[in-house]
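Subject: Structure handover

Hello,

Please find the structure below, followed by notes on what was found in it.

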Amino acid sequence: MDVSYPREAEAYREKVQAFLAEHLPAGWKGVGALPLEEAERFTAEWRRTLADNGYLAVSWPKEYGGGGLTPLETVVLAEEFTRAGVPQGIPNDGFSIQLVGNTIIRWGTESQKHHFLPRILSGEDIWCQGYSEPNAGSDLANLGCRAVRDGDEWVINGQKIWTTNGHLANWIFALTRTDPTATKHRGISFLLCPMDQPGIEVRPIRMLSGESEFNEVFFTDARCPADNVLGGVDNGWAVAMTLLGYERGEAAAVRPLLFRAELDRLLDMARERAKTDDPLIRQQLAWCYSKVEIMRYLGLKVLTQFLQGQHPGPESSIFKLYWSEYHRAVTELAMEIMGMDGLVPTGRPPSSAIGTDDVGAPNSTASWATTFLHARAGTIYAGTSQIQRNILGEQVLGLPREPKADGGPWNELQRA
Ligand SMILES: Cc1cc2nc3c(=O)[nH]c(=O)nc-3n(C[C@H](O)[C@H](O)[C@H](O)COP(=O)(O)OP(=O)(O)OC[C@H]3O[C@@H](n4cnc5c(N)ncnc54)[C@H](O)[C@@H]3O)c2cc1C
């Protein structure tokens, strides 16, 4: 692990800081300081500013309209944007630019690249992720959404679930079963499917917090062009795994910054509510502080591997397990500090169900109580805590593997 950044990183940092100073409004405190509707408007306008200045899709090669940044520059940019509390795009850009965009660059044909990539940058195509199904979450390869070839098209029938921001998207990348007679990891194809058609219905799911950020997506004789297979027919598992590998390296640098800023807000709230003399609260706050510091070093370890060009290995499960379990604990502490006030939340809630509240957000009871509910999901998405522990046990510690009884053709497997 290397805990210091090379000199060229600092030079690039100054460049990013100068860009932010030039383009952000005077007195900028972070997008969290804006009311929700204004924050949404700012984010859409900011995306255009990023596009005009080559700061959108920074990791894509320049030939596809990206920024062509090195991994180190990508990390520095993400750090500075996080500190300043400005987004790197609209919420679906995580799916559009980071996930499917990078995967199209890796697996797409030239004509797929030339068709889809510019439309992502222009904002014409907005993507969501169609992986999970009611019977395929942790065991993703069990997916059963069926695609059958009909002339120049695929006809798709089945259901996806937990589709984040599916209601904001007009395209879905969907894992589909194209050969049910093959074993379960084979016979899967990765389809690029337009959502604006009668065969696709998006139904919102109401979350614990009362909001609806994710959806069920039903395919009933939905159609997509035969050429919209990424990476070849029946080769979707390899493509799906490539996409999951684009979990950002820079997240390892950014998350500890966000959790530290969040903890500072909690300390302020504990002081305001005269809780810092309570020995039990003090002890828990100190525990949180140590956890965030350890997370910073864990992040640097993951980051060092990323900057050395290594793919995050099974040890990266430590980081996922660590931050998501920590976030549940720190938000439970916030509820304890707020006491009864936490039950009648007031003020601006977070703009997204993922991670911490926005930088600059007011220290309101709605901010903390909603983040407390959202933090439950952190130990589920991107692989549950149990699955992370399985990975660590089997692939890092070398413990015996879980017995598997699913080697035969997918359509002959017994399932619930
Ligand atoms: C906020 C949020 C956003 C999401 N967004 C998307 C999205 O945009 N697109 C998408 O496709 N999916 C999305 N997901 C779905 C997510 O990937 C799945 O929820 C996750 O993979 C777990 O699958 P599951 O919910 O089916 O739970 P299951 O796999 O049914 O697991 C149920 C429980 O059993 C445990 N378990 C399962 N298998 C094992 C095992 N082998 N050993 C030990 N314990 C086990 C799990 O840990 C869990 O506690 C999202 C989820 C959340 C919470």
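**Ligand site**

There are 18 residues around the ligand, and those that come nearest are S138, W162, T164, T384 and Q386 (a residue is near if one of its heavy atoms lies within 4 Å). This is a predicted model, in which local features need pLDDT of at least 70 and side-chain atom pairs count only at pLDDT 80 or more, while totals for chains, interfaces and linings use all residues. Residues are numbered from 1 along each chain as its sequence is written, and side-chain values use heavy atoms, with hydrogens and water left out.

Polar contacts here are pairs of N or O atoms within 3.5 Å. An N or O atom in the side chain of S138 is 2.6 Å from an oxygen atom of the ligand. A nitrogen atom of the ligand lies 2.9 Å from a backbone N or O atom of Q129, and a nitrogen atom of the ligand is 3.0 Å from a side-chain N or O atom of N390. The ligand taken alone exposes 970 Å², of which the protein buries 68% (Shrake-Rupley method, 1.4 Å probe).

By class, the shell around the ligand has eight nonpolar residues, nine polar and one charged (Ala, Val, Leu, Ile, Met, Phe, Trp, Tyr, Cys and Pro count as nonpolar, Asp, Glu, Lys and Arg as charged, the others, Gly among them, as polar).

**Helix contact**

P71, L72 and V75 in α3 meet L303, F306 and L307 in α8 (contact means heavy atoms within 4.5 Å; helices are DSSP runs, H or I, of at least four residues, numbered from the N terminus). The residues of this contact are six nonpolar, no polar and no charged.

Regards

Terms used
Polar contact = N/O pair within 3.5 Å; in protein donor to acceptor, adjacent residues only side chain to side chain. Helix = DSSP H or I, 4+ residues; strand = E, 2+ residues; numbered from the N terminus.
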